[in-house]
Amino acid sequence: MQFAWADLPDNELLKLRICDLHVRIEGSELEERVHELYSELAARGLPVRPDCYLGDEWFSPEGSPAIAIPFYLAHPRLRQLELHQMLEVEGGTYEWCMQILRHECGHAYDHAYQFSSADGWAEIFGDRDIEYQPETYRPRPYSKSFVRHLPNWYAQAHPDEDFAETFAVWLSSPVDEWRSQYRGWNALKKLEFVNELMGHVRSQPPVVFKARRLWEASRSRRTLEKYYGVKRKLYAEDFPDIYDADLRAIFEKGEVGDESAAQVMRRLRNVLIAAIVRWTGQRKYIGSELVARLISRCRELALPAPRDHTRLLIELAAYLAALVTNHLHTGRFKRSY
Ligand SMILES: [Zn+2]
């Protein structure tokens, strides 16, 4: 589909209101992905097709058998803007998009059938009335009680997320595959529970039929500029503290070289950000902001850099990984689906 705004430079595009973009799932690459989700459901004999619409983020509105897909995925120019603004596009590849769709579909099915209020559910997935804080959970990376699907052991965030992730694994792979993959794991009990539950669903009408669309993009009068202002602020809200003493311990070691600490950091910037994102699963925007803050602090302290970069690199990489991981376990955790 052709849109006049697609040729605008970023600064002009940002002035537009989201509702004036007139993007739709139909005719975009999302159309095929939604159909793929529906055919996976049909192949399992599941009757409910969650109502998919464009929203501001990925989510399933509470109590509603619907899935909000972020509007920027509906057009390549908006995906490009998202990339410029946030440095990554959540669900921007086919596989990633399908993973999140299946996850949200798990929530949508829960909303349609209200499984989580039924008998036996809490014994398997835990008490869902605990305060909802997917941003502050403390994951146990080696736990075998949870399936592995989205990054950051997301199933451990909350019983509802555990269910959605278990559903996603159940939907994405044949019975034999998940049975063999999770053999000997406690998570297998959850998969078997979902398998049995879906057996009932095949012959049951849902409790809730009507989908409610929250934060629908076509009604959002917010400009893209405002949208990104809010989103960036949300992700940048509280970085881990960077301790000057740590920076001194890292940089003021060994014989002083020709470059300043800030210069070395600037040169290594991309490698460091890529490594942080890859091994912590944290958002790229956060990795980038963290490194930027580190560089400016090094400049303010006028730190020199040692001549021997080998040791420096190892120290720096380990420090950043520790900082981000610590933040992930104890501070606010920004990913939520
Ligand atoms: Zn979720």
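Predicted model: local features only at pLDDT ≥ 70, side-chain atom pairs only at ≥ 80, totals over all residues.
Me: What does the protein come to as a whole, in helices and strands, and what are its spans along the principal axes?

Reply: The secondary structure comes to 13 helices and four strands, and the C-alpha trace spans about 75 × 55 × 35 Å along its principal axes. Of the 337 residues, 51% count as buried. When contacts between residues at least 6 apart in sequence are taken, 75% of them join residues at least 24 apart.

Me: How should I read the pairing of α11 with α12, and at roughly what angle do their axes cross?

Reply: For a helix pair one reads the approach of the axes, the angle and the handedness in turn. The axes of α11 (residues 261-280) and α12 (residues 284-300) come within 9 Å and cross at roughly 160 degrees. Because angles over 145 degrees count as roughly antiparallel, α11 is roughly antiparallel to α12. The crossing in which α11 passes α12 is right-handed. The residues that meet include A262, R269, I273 and I276 on the α11 side, and G287, S288, V291 and L294 on the α12 side.

Me: Is S288 buried or exposed, and which residues does S288 touch?

Reply: S288, which is found in α12, has a relative accessible area of 8% and so is buried. Residues up to four places away in sequence not being counted, S288 touches L87, R269 and I273.

Me: How do I read a nonpolar core, and which residues touch the most other members of the largest one?

Reply: The general idea is that nonpolar side chains tend to be buried together in soluble globular proteins. Here the largest nonpolar core has 70 residues, and those touching the most other members are I69, F71, Y109, F167, M198 and L224. Helix α4, residues 94-113, gives the most to this core, with 10 residues. To look at one member in detail, M198 is in contact with L46, F115, F163, F167 and W170, once its neighbours within four places in sequence are left aside. There is also a second, separate core of 26 residues, with A262, I273, I276 and L290 among them.

Me: How many disulfides are counted, and how far from C52 is the nearest cysteine sulfur?

Reply: A disulfide is read from the distance between two cysteine sulfur atoms, with a cut-off of 2.5 Å, and the count here comes to zero. C52 is in no disulfide, the nearest cysteine sulfur being that of C105, 7.7 Å away; at 10% relative accessibility, C52 counts as buried. C97 is likewise in no disulfide, with the sulfur of C52 as the nearest one at 9.5 Å, and C97, at 0% relative accessibility, also counts as buried.

Me: Where does D162 lie, and which residues is D162 in contact with?

Reply: D162 is found in helix α6, residues 159-172, and its relative accessible area of 1% makes it buried. With neighbours within four places in sequence set aside, the contacts of D162 are F125, F146, A155 and K190.

Me: Which loop holds V208, and what does V208 contact?

Reply: V208 lies in the loop between α8 (187-201) and α9 (224-236). Apart from its neighbours within four places in sequence, V208 is in contact with G63, P65, H111, A112 and Q114. The C-alpha atoms of V208 and Y109 are separated by 9.6 Å, although these residues are 99 apart along the chain.

Me: What is phi near in H22 and in W215?

Reply: In H22 phi is near 55 degrees, a positive value in a residue other than glycine, and in W215 phi is near 55 degrees as well, again positive in a residue other than glycine. H22 lies in the loop between α1 (10-13) and α2 (29-43) and is exposed, with a relative accessible area of 54%. W215 has its place in the loop between α8 and α9, where a relative accessible area of 57% puts W215 among the exposed residues.

Notes
Residues numbered from 1 in each chain as written. Heavy atoms only, no water. Core = buried A, V, L, I, M, F, W, Y, C linked by side-chain atoms within 4.5 Å. Buried < 20%, exposed > 50% of the residue type's maximum accessible area, 1.4 Å probe, protein only. Helix = DSSP H or I, 4+ residues; strand = E, 2+ residues; numbered from the N terminus. Contact = heavy atoms within 4.5 Å. Axes fitted to C-alpha atoms, helices over the stretch in contact; angles between N-to-C directions. Parallel < 35°, antiparallel > 145°, perpendicular 65-115°, else oblique. Left-handed = near helix turned anticlockwise from the far one by under 90°.
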